[in-house]
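Please examine the structure shown here. The paragraphs that follow lead through its sheets and its helices in turn.

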Amino acid sequence: MEIKVNQLSKTYGDNHALDQVSFTLEGNKIYGLLGRNGAGKTTFMDILSGQMLASSGDITIDGENPFENQRLTESICLIKEANNFSPELKIKQVLKIFAYFYPNWDQEMAEELLETFNLKQSAKVKTLSKGMESALGITTGLASRAPITVFDEPYIGMDAPSRKMFYDILLDDYQENPRTIIFSTHLIDEVSLMFEEVIILKKGAVVLQESSEELRAKTVAVSGPKDKVDAYLVDKDIIQRTDLAGSSMAYAFGSRKEAEEAGLEVEGVPVQELMIHLTEKKKGA
Ligand SMILES: Nc1ncnc2c1ncn2[C@@H]1O[C@H](COP(=O)(O)OP(=O)(O)OP(=O)(O)O)[C@@H](O)[C@H]1O
């Protein structure tokens, strides 16, 4: 499903949570939606999933507006960092509601995931720990098989092995059932290899939308003797640089080939570093 965002703005008083944002997601990809606290990620996801009205501009999904649009809302599953379920419900009842709401719901997968995460169907939501509640969110998000599945920091309280399980299951399932997955997270380095495209927001505006492949092609981590690194960096936009005893290491926008020809060690730039560079406060900003 194609998502078109056109001059989208959301204001709270004089605070521009989203400021005339325009971009297109062609769909059937795993997208990383990144940005510092308050950049506008949650606001965007709430409007996309039809739960909030924009102040101006619009989002269309295959040409339709998602706000209170029954046909579209059953195609979009939004899992937030908390409060996805009524506390009084039993897990079994949560699954029933999702099964009713999402036409592609996979009950077998949901039951398998509950076992993987050691969740009992008879347990009430209010008795779950933070990590267990997140695991239930992930279970319902994945088993919904919604054509657009949105995860907004979905793993609060989950330990590292559980998060790793989630990433592995998501990737396996995505290979078999391609769909649009939008993933917002601050644990960027943990998940960045999953992203096929990255969108970075800064103060309600898009500062980068690029496929991971293009990002890898146009950014390099170089290291070597300081003079060689200096020469390579002369006309480059530097993301970060460290000098130590005659050697230098730098992340920069530049070509891998040119760096290799300059006799430098070359690797990829972590997406997290790129995000920090693109969203850091500039002097006077
Ligand atoms: N209900 C609200 N009332 C007033 N301001 C709000 C409201 N919701 C969000 N905002 C403001 O809108 C801006 C964007 O918030 P949003 O929650 O979309 O950011 P975010 O990128 O999801 O941040 P985080 O990474 O911290 O979750 C922030 O400045 C925030 O203070």
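This is a predicted model, in which local features need pLDDT of at least 70 and side-chain atom pairs count only at pLDDT 80 or more, while totals for chains, interfaces and linings use all residues. Residues are numbered from 1 along each chain as its sequence is written. Helices (H or I, at least four residues) and strands (E, at least two) are DSSP runs, numbered from the N terminus.

Consider strand S8 (residues 197–202), which pairs with S9 in the antiparallel sense over 6 bridges. Two strands are said to pair if DSSP finds at least two bridges between them. Within this pair, Ile199 stands opposite Gln209 in S9. Both strands belong to an open sheet of 6 strands, whose order is S5-S6-S7-S3-S8-S9 and whose pairing is mixed. Strand S5 (76–79) and strand S9 (205–211) are at the edges with a single partner strand each, so one side of each has no neighbour in the sheet. From one strand to the next, the twist averages 15 degrees. Such angles run from 0 to 180 degrees between N-to-C directions, and the axes are lines fitted to C-alpha atoms, for helices over the stretch in contact.

Helix H11 (residues 271–279) lies across strand S3 (30–35), S8 and S9, and runs at about 30 degrees to S8. Helix H5 (residues 130–143) lies across S5 and strand S6 (148–152), and its direction is at about 170 degrees to S5. Contact between two residues requires that their C-beta atoms, placed from the backbone, lie within 7 Å.

H5 also packs against other helices. Two packed helices are described by the angle between their axes and the distance between the axes. For helix H4 (residues 107–116) and H5, the angle is about 155 degrees and the axes are 9 Å apart. H4 is therefore roughly antiparallel to H5; angles under 35 degrees count as roughly parallel, over 145 as roughly antiparallel, 65 to 115 as roughly perpendicular and the rest as oblique. On the side of H4, the residues Met109, Ala110, Leu113 and Leu114 meet Thr139, Thr140, Leu142 and Ala143 in H5. This contact has 6 nonpolar, 2 polar and no charged residues. Here Ala, Val, Leu, Ile, Met, Phe, Trp, Tyr, Cys and Pro count as nonpolar, Asp, Glu, Lys and Arg as charged, and the others, Gly among them, as polar.

How is H5 placed relative to helix H6 (residues 160–176)? The two pack at an angle of about 0 degrees, with their axes 11 Å apart, and H5 and H6 are therefore roughly parallel to each other. Gly131, Ala135, Ile138 and Leu142 in H5 meet Ser162, Phe166, Ile169, Leu170 and Asp173 in H6. By class, this contact has 6 nonpolar, 2 polar and 1 charged residues.

A further open sheet has 3 strands in the order S2-S1-S4, with antiparallel pairing. Its edge strands, strand S2 (15–25) and strand S4 (56–61), each pair on one side only. Strand S1 (residues 3–12) is joined to S4 by 5 bridges, and Asn6 stands opposite Asp58 in S4. Helix H1 (residues 41–48) packs on this sheet, touching S1, S2 and S4, and its direction makes about 120 degrees with that of S1.
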